[in-house]
2 protein chains.
Amino acid sequence: MLRYELQARDGSARAGVLHTQRGSIPTPTFMPVGTRGSVKALTPEQVAATGAGIVLGNAYHLALRPGAELVARLGGLHAMCRWSGPMLTDSGGFQVFSLASLRQVSEQGVEFRDPRSGDKHLLSPEISMQQQQLLGADIIMAFDECPEGPCGRDRARDAMERSLRWLGRCVEAWRSDACALFGIVQGAGYADLRQESLDRTVAFDLPGYALGGFSVGEPKQVMEGLLPGLAPRLPEDRPRYLMGVGKPEDLLLGVQSGIDMFDCVMPTRNARNASLFTRWGSLRIRNARHREDPRPLEAGCPCLACAGGFSRAFLRHLCLEKEILFLTLATHHNLTYYQGLMRVLRAAIVAGELSACASRLQAEWAAGLPD
Amino acid sequence: MLRYELQARDGSARAGVLHTQRGSIPTPTFMPVGTRGSVKALTPEQVAATGAGIVLGNAYHLALRPGAELVARLGGLHAMCRWSGPMLTDSGGFQVFSLASLRQVSEQGVEFRDPRSGDKHLLSPEISMQQQQLLGADIIMAFDECPEGPCGRDRARDAMERSLRWLGRCVEAWRSDACALFGIVQGAGYADLRQESLDRTVAFDLPGYALGGFSVGEPKQVMEGLLPGLAPRLPEDRPRYLMGVGKPEDLLLGVQSGIDMFDCVMPTRNARNASLFTRWGSLRIRNARHREDPRPLEAGCPCLACAGGFSRAFLRHLCLEKEILFLTLATHHNLTYYQGLMRVLRAAIVAGELSACASRLQAEWAAGLPD
């Protein structure tokens, strides 16, 4: 049911369309994160108004609460969350290793305690596939072992080998064509392991592939060193997803390397922490320099805050007073910035001008907010 | 600039239109509270979509932060908050007595410390008029002394006399026809004091009148006993505002007594506490009975939550997970309920069927939520 259509290239970068049963998404695309079924602080209509076409949920969180069976009884994730476009669920491979307490990893899977309820749970490739197919996302992710970075070579190889064995079990447990399974390349910071993981993952001939295990605590140079060599070796006719990345400059590097899909909590989380993205880099709205500023965050920005006529001064007031409206306006602004960045990069690829575009973006980010 | 047009009567109840420079509002009307310039958890467009025509701000809070002069430099409250309809500011007479610490009341005014910054401030009739005219609301409220209830007769008389002396100073300091000044009737729970306060307040011949000092801690029977005799004695050709009230049944009593305008934090605050208004009384969304319920909060409700197709089960999940979206949907629902109630009451007055309407509403509220 999922198909990637390549439309243009510029170096390793590609512009295309991800065709899904719930609509077609121009790529490269950024997917806002709605971990528990809601992109924080926004209604689904507001999410769509940022320009987002596909959103992400997290099967680990949703299976704990409200429960995958309950979501299925409510008609699945789309019906429950009131999002009619395509959705992707992460398996929670990363979360179970980073959030769960008292976890015991075996070849069977991961036994862990829910830090909230204290209840014991098992997550395995089979259980994750069942959960994600119950949730009913258009794209589901393999359940893998994602070591936190940086990690040693033995640990990286073990996790990679286990992820590949688990991928085989995911493929066995994958029943629904409506849910396109993506495999995940691991291998931490080791170029040869990454390459081997990629080749053996691609051998499963899946609807799409992801690069996992980046932005999990390792130095930034690791991804910068690996990505340009790695992404272009993924199959041309499948979508390529860089998981959990990242800052605007990371998205640029990903796009330049040939990535089609991104997700990250950064625009939403930073918004709630009063850090707002602009073409001139980040704007800290709490700063006293904005106290009397009648201007929008960024002139011409089509978001609820800027196009809605809210001044920096009023946004600062809302932020300092902890008004909920600030969270909504700030989140809408940041997600609109990310979607706009993706549109600019896509247009540059189509026009064959990605290199000039990248230089301009980097110069503006470095310049900082003008007075 | 402000004019009240009486359109229909049913007993003491009245249907009319409040004509302002920023639009005409059918009455009786409920004004959502946007204390610090934002009706909590909603964008101005979402507030308007609930059916609200006029919203309230609080001059005490706004003068402390961001400051009345700053608001004026940003173009006034409407421009800053992006609300183009009429607005009313409360003087903060109630807040300065209930929230401020270390207050010293003199004939001059109230000296108090801002509990947040520790800074010392003076609030007086003259200062309050200046603040409210800087903010630029369409309706501004007299700065009065509002004793917390229940209070003794001497205290009630002293506060009433002082409020009347202060009203004279408010009228003296009132410069702008664009800001219609409302006087406030005090007198606590004493019928004769209330009557005297009303007569002497009305003698100032102001654009509108409010009943203050209800719902400030006194037993419920006090207002029930006084309101039906008090409100009808206000001048027919001026709008009548019952401050800070209340529950749906209190609004019904107010409307039956001839009140035109209400404000209360109840719909917005209760929403954030997961208590949702329905025609069958309140619905506690955290309750386990809603865990798997695919139905909307109330069938036919035009709010973002109900008309948006959000199930009770999903709303419960959002609430338990402390998702910000819950606050938005719940607030929108409760305010929509309040606006719908006002529309139903207004239509019943126009049709001369308020008594039958009241019986039906009371029976439904008492019935409780059906399975």
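In which loop of chain A does A274(A) lie? The loop between α11 (266–272) and β15 (275–278) of chain A holds A274(A). This residue is not a glycine, yet its phi is positive, at about 70°. A274(A) is partly exposed: 19 other C-beta atoms lie within 10 Å. The model is a predicted one.

A41(A) also has a positive phi and is a residue other than glycine; its value is near 80°. The loop between β4 and α1 (44–49) of chain A contains A41(A). Within 10 Å of A41(A) there are 26 other C-beta atoms, and A41(A) is therefore buried, since 20 or more are needed for that class.

One joins V245(A) to G246(A), with omega about 0°. G246(A) sits in the loop between β13 (240–242) and α10 of chain A. In chain B, T27(B) and P28(B) are joined by a cis peptide bond with omega about 5°. P28(B) belongs to the loop between β3 (23–27) and β4 (29–31) of chain B.

The overall form of chain A comes next. Its secondary structure comprises 14 helices and 16 strands. The C-alpha trace spans about 60 × 45 × 40 Å along its principal axes. Of the 371 residues in chain A, 54% are buried. Among contacts with a separation of 6 or more in chain A, 68% link residues 24 or more positions apart.

Chain A is assigned two stretches as domains: domain 1 covers 3–264 and domain 2 covers 271–364. Their centres, taken over C-alpha atoms, are 27 Å apart. In the contact between them, 23 residues of domain 1 of chain A meet 23 residues of domain 2 of chain A. On the domain 1 side, β1 (3–10), β2 (13–20), β4 (29–31) and α10 (248–257) of chain A each supply at least two residues. The largest share comes from α10(A), with five residues. By type, this side of domain 1 has 14 nonpolar, six polar and three charged residues.

How are the two chains related? A rotation of 180°, with 0.0 Å of shift along its axis, superposes chain A on chain B at an RMSD of 0.0 Å. The relation is therefore that of a two-fold axis. I324(A) comes closest to the rotation axis among the residues of chain A, at 3.9 Å for its C-alpha. Both copies use the same surface, as 100% of the contact residues of chain A recur in chain B.

The contact between the chains takes 32 residues from chain A and 32 residues from chain B. On the chain A side, α3 (68–73), α12 (312–320) and α13 (324–351) give two or more residues. The largest share of this side, five residues, is from α12(A). The side divides into 16 nonpolar, eight polar and eight charged residues.

The largest nonpolar core has 235 residues. Within this core, F182(A), L315(A), F182(B) and L315(B) touch the most other members. Leaving aside residues up to four places away in sequence, the residues touched by F182(B) include I139(B), M141(B), A142(B) and L206(B). P207(B), G208(B), Y209(B), A210(B) and Y241(B) are also touched by F182(B).

Technical notes
Residues are numbered from 1 along each chain as its sequence is written. Chains are lettered from A and ligands numbered from 1 in the order in which they are written. This is a predicted model: local features need pLDDT of at least 70, side-chain atom pairs count only at pLDDT 80 or more; totals for chains, interfaces and linings use all residues. Domain bounds come from an automatic or database domain assignment. Two residues are in contact if their C-beta atoms, placed from the backbone, lie within 7 Å. Helices (H or I, at least four residues) and strands (E, at least two) are DSSP runs, numbered from the N terminus. Ala, Val, Leu, Ile, Met, Phe, Trp, Tyr, Cys and Pro count as nonpolar, Asp, Glu, Lys and Arg as charged, and the others, Gly among them, as polar. Copies are superposed by least squares on the C-alpha atoms of residues with pLDDT of at least 70 in both. A residue is buried if 20 or more other C-beta atoms lie within 10 Å of its own, exposed if 12 or fewer, and partly exposed in between; C-beta atoms are placed from the backbone. A nonpolar core is a set of buried Ala, Val, Leu, Ile, Met, Phe, Trp, Tyr and Cys residues joined through C-beta atoms within 7 Å.
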